[in-house]
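Here's a quick tour of one protein model, taken a region at a time. Have a look at the sequence and structure, then read on.

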Amino acid sequence: MNRKNTFSATTFMMMISKIPPQISPVNALLLLLMCSVMISSIVVEPHPETRTESSSSMIRCIESERQALLVFKQGLVDDYDILASWGSPHHPDCCQWRGVGCSNVTGHVISLDLGVGETQYGNLRGNISDSLLVLKHLNYLSLSGNNFGNYPIPNFIGSLVKLQYLNLSGTGLYGEIPSQFKNLSSLQYLDLSYNSGLFAKNFAWTSTLRLLRTLNLEWVELANATDWVHAINSLPSLTYLDLEYCSLSNPSQGPLVNSSKSLTHILLKNNNLSATSVYPWLFNISSKLVELDLYGNYLGGSIPNEFGNLNSLSFLDISFNQLESTIPKEFGNLSFLSYLSLHGNQLRGPIPKEFGNLSSLSQLDLSVNQLQGPIPEEFGNLNSLSRLDLSENQLQGPIPEGLGSISSLSGIVLNSNQLEGGIPNSFGHLLSLKQLDLSNNNLTGDLGMFLSQSIFKSLGFLRLENNNLYGSLPDITRFPSLIEVDISHNQLNGSFSSSFGNIFSPLDTLLLQNNHLTGSLPEDFGQLSNLWKLDMSSNLLHGIISEVHLSNLSSLGNLDLSYNNLTFNISPNWTPPFKLATLYLDSCMLGPHFPNWLQTQENLIDLSIPDAGVSDSLPSWFWGIFDRGLFVQAYVNLSYNDIHGALPDSVLGDYGPAVLDLSFNSLEGSVPLVFTHAGFLDISDNKLSGSISSWSLAANATVSISSLSLAANATVQYIDLSNNNLSGELPDCWMYMSRLKILNLGNNNFSGRIPNSFGYLNLLEVLNLSNNEFFGEVPSSLKYCRSLRILDLSENLLSGQGTKLVGE
């Protein structure tokens, strides 16, 4: 608490009344003056050094420094009124301004903290005024997170010689780090990170910073600063070094013994360092090293055993390098190690059983290597382990039962190995488990029994796809935290529980495709209001799908029930609660009428309803679903139905599907307009007719094929118009379909000569013009179709030896 100076006239008169009469008036006056000075100087300080905006205003800031701060403010653009208190009549004392700290002893400004905090909205922009030079006692300066883009670091900052803390991170400053920084000999903390426009040609400017404890230059360009090791060795107080994403190259000097025995954190992530350059330096660093990050460099060869001597190490990341050979057993000596990642190398051989000694290990990532052999039983001793990732290796054998005794485990990721046996029953009692991924292995066993006996409280992600698990599926929606489930491509059988579908379930994704599930779909499925993706394709499901099954699926965006024996019984007036992006109902019974509820699916990208028993014409609204200019890569498959009638000339307008399959229907009339970005077009096996000899190249560099419109350099790769009644000559404009790979015009009534422009189709692999009425010689230009594998010109009236020219 601060006591303010309240020495007033009233106080003065009260003091006079207390003076004994024997004291002379002159001496009494002197006594009063001395008391007033003493009273005015009584202050109880909250902190011995700094007085901030919440501190007393008894000693007001020095006027020259106040004016300097106002000049500094004038150089800034304050869109969010961050500096509203600066110069405000309500805050005359600059020591009470936001971000300003003053000495309680002298009143000098000693700190300026305008860094953007995590909870702050908005930042400052503009330039940094040299008026800060007036603040000669400034020892703390933070401008981090503000926007000083298009400005270099001001040289004058190197004259703020009392600075102990300087943070300019994430400010958009660019250019070379000023050499004047070498004058900041009192500096203990320097952070210039996240300024990708900054660079340094060398580290000469650090030579005098012998008190520096923290140096963070992450994302500063240091490709030419090959003296970095020598410079770091010359900083005896340095404990924290962050040179991530700096394009560091191997040091120019040979290996140097580190003269600083204080380094505890070294972060060299994503640079260009090799093993021969960095290892000798690292292994001479003090054994105090706690954190070492070498992620994403060019470290090759084997992992040195010397890592086992860094006995204070808590964090080690050597992932995404080029390490080979085996993992040294000396890692087992690192008793304080909490985090270890060797992800994304080329390590082979077994996992050392000595890993079981790492009693402090919380996270272990050995994924994406070539490790072989079993998972060591000793892993059951890792009582502090919270996340284990051994995915994408070649591990064999069973999953150790002991892993299920580690109550702290929140993530087990063992996918894409060659693991065998069942899922340990103990896994079902890991109450902290949030992620279990055992997919793409050779696991067997009764999954239904395992799940029915499990009491997962925290499990959010369950991935077991591509195994050989069998059994029926219990109501997994009873697990209160389950969000994503993938048990596809297994041997699940039996039917669903009648109560499958807890209305309170957070389940977002359920993938059960390619199993042997039988029975009907429970109506309770319709209660899964959070469900976004449902795939039950390729099972043995049967029965009716009614509106009740879909009634509350308001979040549903992707639905696939293909290749089951399901019949949709939905009112033509029904309005779904969802907006689908993809719908696959291949071989489900939707007909005979075209499903009217699709009209509401304005976000639809993929629609696949082949062999759906539809015997109807396409409604006029249908093509509008794909003509919104949003999804130009849409997929539409209506094949193997009995869709009849003629397609309108303006079928798809300016936008439409990239893949369009209308084959094996009863469509009549001429070839319709096709979306200009179509990559796949199949209208084969219909009743299309008419002449298409008017195909021509339009003035806008667009190929018009009757109503067929394909842009020059179009993405079309597949065209199949076979088995129709099309007639007339082909236009000579095929050079504008340069990416075409398959063209099938067989079994029509085309006539005339084969166009020479086919020779421009360098990527063409299949050309079928069979069973038409083409005549004349086969054009020699076909020899330029270097990729052609299949050419069928049979059942025509052709002459010559053109087929021998293909591929010459």
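## The pocket

Keep in mind that this is a predicted model. Let's begin with the largest pocket, which has 17 lining residues. Nearest its centre you'll find Ile 570, Leu 590, His 593, Phe 594 and Pro 595.

Sorted by class, that lining comes out as ten nonpolar, six polar and one charged residues. As for volume, the largest pocket comes to about 250 Å³.

## The nonpolar core

Now for the inside. The largest nonpolar core takes in 209 residues, and Trp 281, Leu 510 and Phe 622 have the most contacts within it. Several elements each give two or more residues to this core, among them helix 3 (63-74), helix 6 (447-452), strand 4 (109-113) and strand 37 (565-568). Helix 5 provides the largest share, with five residues.

## Around Asp 642

Asp 642 sits between strand 40 (635-637) and strand 41 (644-646).

Setting aside neighbours within four places in sequence, Asp 642 touches Val 614, Ser 615, Asp 616, Asn 665 and Ser 666. With Ser 666 there is also a side-chain to side-chain polar contact of 2.8 Å. Gly 591 is 51 residues away from Asp 642 along the chain, yet their C-alpha atoms are 9.8 Å apart.

Terms used. Residues numbered from 1 in each chain as written. Predicted model: local features only at pLDDT ≥ 70, side-chain atom pairs only at ≥ 80, totals over all residues. Heavy atoms only, no water. Core = buried A, V, L, I, M, F, W, Y, C linked by side-chain atoms within 4.5 Å. Buried < 20%, exposed > 50% of the residue type's maximum accessible area, 1.4 Å probe, protein only. Helix = DSSP H or I, 4+ residues; strand = E, 2+ residues; numbered from the N terminus. 1 Å grid on protein atoms, 1.4 Å probe; cavity = no way out; pocket = protein on both sides within 12 Å on 5 of 7 lines; lining within 4 Å. Points joined across faces, edges and corners; volume = space filled by probe spheres on them. Nonpolar A, V, L, I, M, F, W, Y, C, P; charged D, E, K, R; others polar. Contact = heavy atoms within 4.5 Å. Polar contact = N/O pair within 3.5 Å; in protein donor to acceptor, adjacent residues only side chain to side chain.
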